[in-house]
Amino acid sequence: MSRRRIRFGLIGLGLMGREFASAVSRWCHLDTQAPVPEITSVCDVNSNAFAWFRDNVPSARLAVTDYRELLASKEVDAIYCAIPHNLRRQVYADILNAGKHLLGEKPFGMDRKANAAILQAVRFHPDLVVRCSSEFPYFPACKRLIQWAREGAYGRLVEARSGFLHSSDMNPRKPVNWKRMASVNGAYGCMGDLGMHTHHVPLRLGWLPFSVYADLQKIVKERPDGKGGTAACDTWDNALLLCRARDRETREEFTVHFETRRMAPGETNTWYLEIYGTRASARFSTKDPKALHVLENMGKEQGWIRLETGSQSFIPSITGSIFEFGFSDAFQQMIGAFLEEFAEGGPRHPFPNVTPGETVLSHALLTAALESHAARKAVEIRLDSES
Ligand SMILES: NC(=O)c1ccc[n+]([C@@H]2O[C@H](COP(=O)([O-])OP(=O)(O)OC[C@H]3O[C@@H](n4cnc5c(N)ncnc54)[C@H](O)[C@@H]3O)[C@@H](O)[C@H]2O)c1
């Protein structure tokens with residue numbers, strides 16, 4: 001019997017649009033009963049982006065420069081959208097109002113107002129699957145870390161640290177692009193780009209920050225404009241958020257530290273999560289992607305054990321269990337988690353993608369972080385009545 005298909009339209013055919021298409025093109029990699037994704041349509045304002053898709057995605061029969069044409073197509077059930085942040089409010093709402101399911105890139109709205117507008121459209125369409133992108137929890141060692149945390153293996157929480165460290169901007173001669181311009185990227189700067197990656201697991205585990213002290217840095221304030229001149233680079237490069245959080249279940253308070261940096265010497269694309277508790281601690285970093293480090297509290301003496309985790313992620317794959325796992329695999333696993341939401345009567349994925357409600361919490365935290373940095377003091381994280 002042929003499997004159900006979910007027909008995708010892609011809006012935004014840059015770096016991530018191609019990553020999505022590549023993951024879909026090797027769908028036979030995953031051993032899942034979830035529907036199979038098929039890319040039927042693509043859209044980018046820059047028609048030069050079409051050539052790669054013409055060569056590599058033969059199922060994409062429609063290529064358009066206006067996303068509304070794509071949304072009008074009956075051949076599209078769901079959208080993956082990876083466009084600049086300032087366009088999200090309108091485009092995400094239009095996607096939902098056109099009756100299409102959405103896997104949208106983060107941030108879910110350039111700012112809190114945009115997020116609230118998108119959430120309103122979400123509420124009008126409860127039948128649609130709407131999720132926000134975040135792929136790093138799908139690394140096998142992070143899956144083990146999540147299972148470990150869900151079992152409460154840590155005892156009483158002392159501290160959690162969640163971070164994402166880039167060195168993409170360490171070269172001051174790198175030309176400016178939209179991600180370095182506050183008018184397009186948003187006032188959150190690096191927190192808008194990278195923050196959701198650090199929030200997904202802590203929020204899902206029910207660790208809710210209620211106050212934040214933020215230290216934000218603008219380090220390189222001007223960059224080449226790519227045309228022989230210079231242009232303002234006015235986004236936050238680095239952010240460190242020190243939060244007080246409460247465990248939703250136990251009501252215990254502890255410290256959570258969120259770190260997002262575009263200028264992190266010595267890093268490339270390092271995502272990490274560390275959980276420290278009274279009984280045990282555990283940590284994972286993509287810098288050492290095969291390893292989960294665990295420490296059992298033995299009183300005075302402290303020692304980490306390194307567990308080798310192989311390639312067993314949430315959705316089984318054809319890869320031998322001892323082989324290595326990487327970014328593209330995590331991204332494919334994330335799309336798999338999205339598709340498992342459509343499985344009829346099938347098992348629900350144990351760690352679904354970021355929900356719209358979680359994006360609201362993320363925005364509340366980032367908005368409070370901006371306020372905290374401006375006031376140079378810790379501020380309460382407030383949820384509006386809307387959320
Ligand atoms: N999940 C991840 O790990 C990850 C990694 C990198 C980027 N991202 C996110 O993905 C998003 C896109 O990033 P990118 O690196 O692919 O950017 P990019 O600049 O490479 O691509 C964006 C594309 O959108 C197109 N575009 C602009 N306006 C449009 C419109 N109105 N309609 C259709 N297309 C339009 C641009 O022409 C461009 O091709 C960002 O939000 C970024 O935060 C996610």
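This is a predicted model: local features need pLDDT of at least 70, side-chain atom pairs count only at pLDDT 80 or more; totals for chains, interfaces and linings use all residues.

Mentor: Let us begin with a term: two strands pair if DSSP finds at least two bridges between them.

Trainee: Which residue stands opposite Ala-160 in S12?

Mentor: S7 also pairs with strand S12 (residues 253-261), here in the parallel sense and over seven bridges. In this pairing Leu-165 is set opposite Arg-261. For Ala-160, the residue in S12 is Val-256.

Trainee: How many of the 10 residues of strand S7 are buried?

Mentor: A residue counts as buried if 20 or more other C-beta atoms lie within 10 Å of its own. Strand S7, residues 157-166, is mostly covered by this criterion. The number of its residues that are buried is seven.

Trainee: In what order do the strands of the sheet of nine follow one another?

Mentor: This sheet is open and its pairing is mixed. The order is S16-S15-S14-S13-S7-S12-S11-S8-S17.

Trainee: At about what angle to S8 does helix H10 run?

Mentor: Helix H10 covers residues 356-375. It lies across strand S8 (207-217), strand S11 (238-247) and S17. Its angle to S8 is about 40°.

Trainee: Why is one side of strand S3 and of strand S6 left without a neighbour in the sheet?

Mentor: These strands belong to an open sheet of six with parallel pairing, in the order S3-S2-S1-S4-S5-S6. Strand S3 (62-64) and strand S6 (130-132) stand at its edges, so the reason is that each has a single partner strand.

Trainee: What is the average twist from one strand to the next in that sheet of six?

Mentor: The strands concerned are those of the open sheet S3-S2-S1-S4-S5-S6. From one strand to the next, the twist averages 25°.

Trainee: What is the bridge partner of Gly-9 in S2?

Mentor: Strand S1 (residues 5-11) and strand S2 (residues 36-43) run parallel and are joined by seven bridges. Gly-9 has as its bridge partner in S2 the residue Ser-41.

Trainee: Against which elements do the buried residues of H4 pack?

Mentor: Helix H4 (residues 88-97) has as its buried residues Arg-88, Arg-89, Val-91, Tyr-92, Ile-95 and Leu-96. Just after the helix, Gly-99 adopts a positive phi of about 80°. The elements packed against are S1, helix H3 (67-71), strand S4 (78-81), strand S5 (101-104), helix H5 (112-124) and S6.

Trainee: Which residues come nearest to the ligand?

Mentor: There are 21 residues around the ligand. This shell divides into 12 nonpolar, five polar and four charged residues. Those that come nearest are Gly-12, Gly-14, Leu-15, Met-16 and Glu-105.

Trainee: What radius of gyration does the chain have?

Mentor: The C-alpha trace spans about 65 × 55 × 45 Å along its principal axes, and 46% of the 387 residues count as buried. A compact globule of 387 residues would have a radius of gyration near 21 Å, which agrees with the value for the chain, 21 Å.

Trainee: How many helices and strands does the chain have?

Mentor: Among contacts with a separation of 6 or more, 70% involve residues 24 or more positions apart. The secondary structure of the chain comes to 10 helices and 17 strands.

Definitions and conventions
Residues are numbered from 1 along each chain as its sequence is written. Helices (H or I, at least four residues) and strands (E, at least two) are DSSP runs, numbered from the N terminus. The radius of gyration is taken over C-alpha atoms; the globule rule is 2.2 Å times the number of residues to the power 0.38. A residue is buried if 20 or more other C-beta atoms lie within 10 Å of its own, exposed if 12 or fewer, and partly exposed in between; C-beta atoms are placed from the backbone. Two residues are in contact if their C-beta atoms, placed from the backbone, lie within 7 Å. Axes are lines fitted to C-alpha atoms, for helices over the stretch in contact, and angles run from 0 to 180 degrees between N-to-C directions. A residue is near a molecule or strand if its C-beta atom, placed from the backbone, lies within 6 Å of it. Ala, Val, Leu, Ile, Met, Phe, Trp, Tyr, Cys and Pro count as nonpolar, Asp, Glu, Lys and Arg as charged, and the others, Gly among them, as polar.
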